[in-house]
Amino acid sequence: MEKRIYKEKKFSSPIAGVISDTHIKVNNILQVVDIFQQFINLLIEFDLKLAIHCGDFFENRNAQTFENLIAIKLIINLFAENNITLFAIPGNHDKQNLEGEDSYVDIYDLHDEERFVIYKEAGYFDFTKTKLRLFFIPYFTEANTSDSNSVELNFSVPTTTFHRSAEIAWSVNF
């Protein structure tokens, strides 16, 4: 029996697909590519042109294998071939080290500027039709916070404090 996604008419149509923690490694490449293909198929089914990866494309911070790097390139190409823009927010597993801002995802930065966009700094997406503001924070270290439990971020909205356990938060403005 096929499990269907819950649909109810009182909700507005989906505006983006969100995925995270895909953790590619040498022994799960085919599985991860299949997961992304299923995700893309859902995006197509719902006529969505925007996807957000909330971090951890890779399993670990060790040097990535050639196979892992090529697999991620293939995955990015799948989004582009289907005219879906993929926003990437690097996670702690994507970082070369926890103190720097560089990540393994950075090598794809110029891959397709219209279809693959990397966000290295905290920010937000505004979905004006649905009045949804989706905040995000790429991985940050305790050294970059005002104390060990939170980080203060200044957007063009009132100051917001996010706790370290949250990689993504949302608010609805009615």
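I began with Ala-51 and found that its bridge partner in E3 is Leu-86. I took helices (H or I, at least four residues) and strands (E, at least two) as DSSP runs, numbered from the N terminus. The model is predicted, so I noted its conditions: local features need pLDDT of at least 70, side-chain atom pairs count only at pLDDT 80 or more, and totals for chains, interfaces and linings use all residues. Residues are numbered from 1 along each chain as its sequence is written, and side-chain values use heavy atoms, with hydrogens and water left out.

**Entry: the sheet**

I then followed the pairing of E3 on either side. Strand E2 (residues 50–53) runs parallel to E3 and is joined to it by four bridges; two strands pair if DSSP finds at least two bridges between them. His-53 stands opposite Ala-88 of E3. I looked up Ala-88 again for its partner in E4, and that partner is Ile-118. E3 and strand E4 (residues 116–118) are paired in the parallel sense over three bridges.

I recorded the whole as an open sheet of four strands, in the order E1-E2-E3-E4, with parallel pairing. Strand E1 (17–19) and E4 are the edge strands, each pairing on one side only. Direction ignored, neighbouring strands of this sheet are turned by 20° against each other on average. For such values, axes are lines fitted to C-alpha atoms, for helices over the stretch in contact, and angles run from 0 to 180 degrees between N-to-C directions.

Which residues of strand E3 are buried on its two faces? In E3 (residues 85–88) I found Thr-85 and Phe-87 buried on one side, and Leu-86 and Ala-88 buried on the other. I used buried for under 20% relative accessible area, exposed for over 50%, and partly exposed in between (1.4 Å probe, protein chains only). In a regular strand the side chains alternate between the two faces of the sheet.

**Entry: the helices**

I traced E2, helix H2 (residues 66–81) and E3 as a right-handed β-α-β unit. A crossover is right-handed if, with the strands pointing away from the viewer, the path from the first strand over the helix to the second runs clockwise. Helix H1 (residues 29–45) lies across E1 and E2 and runs at about 165° to E1.

H1 packs with H2 at an angle of about 10°, and their axes are 10 Å apart. Contact means heavy atoms within 4.5 Å.

I placed Asp-47 in the loop between H1 and E2. Its phi is near 55°, a positive value in a residue other than glycine, and Asp-47 is exposed at 62% relative accessibility.

Asp-56 is in the loop between E2 and H2. Its phi, near 70°, is also positive in a residue other than glycine. Is Asp-56 buried or exposed? I found Asp-56 buried, with a relative accessible area of 4%.

Asp-106 is in the loop between E3 and E4 and is buried at 18% relative accessible area. Not counting residues up to four places away in sequence, Asp-106 touches Glu-101, Ile-118 and Lys-120. The side chain of Asp-106 reaches the backbone nitrogen of Ser-103 at 2.9 Å.

Terms used. Polar contact = N/O pair within 3.5 Å; in protein donor to acceptor, adjacent residues only side chain to side chain.
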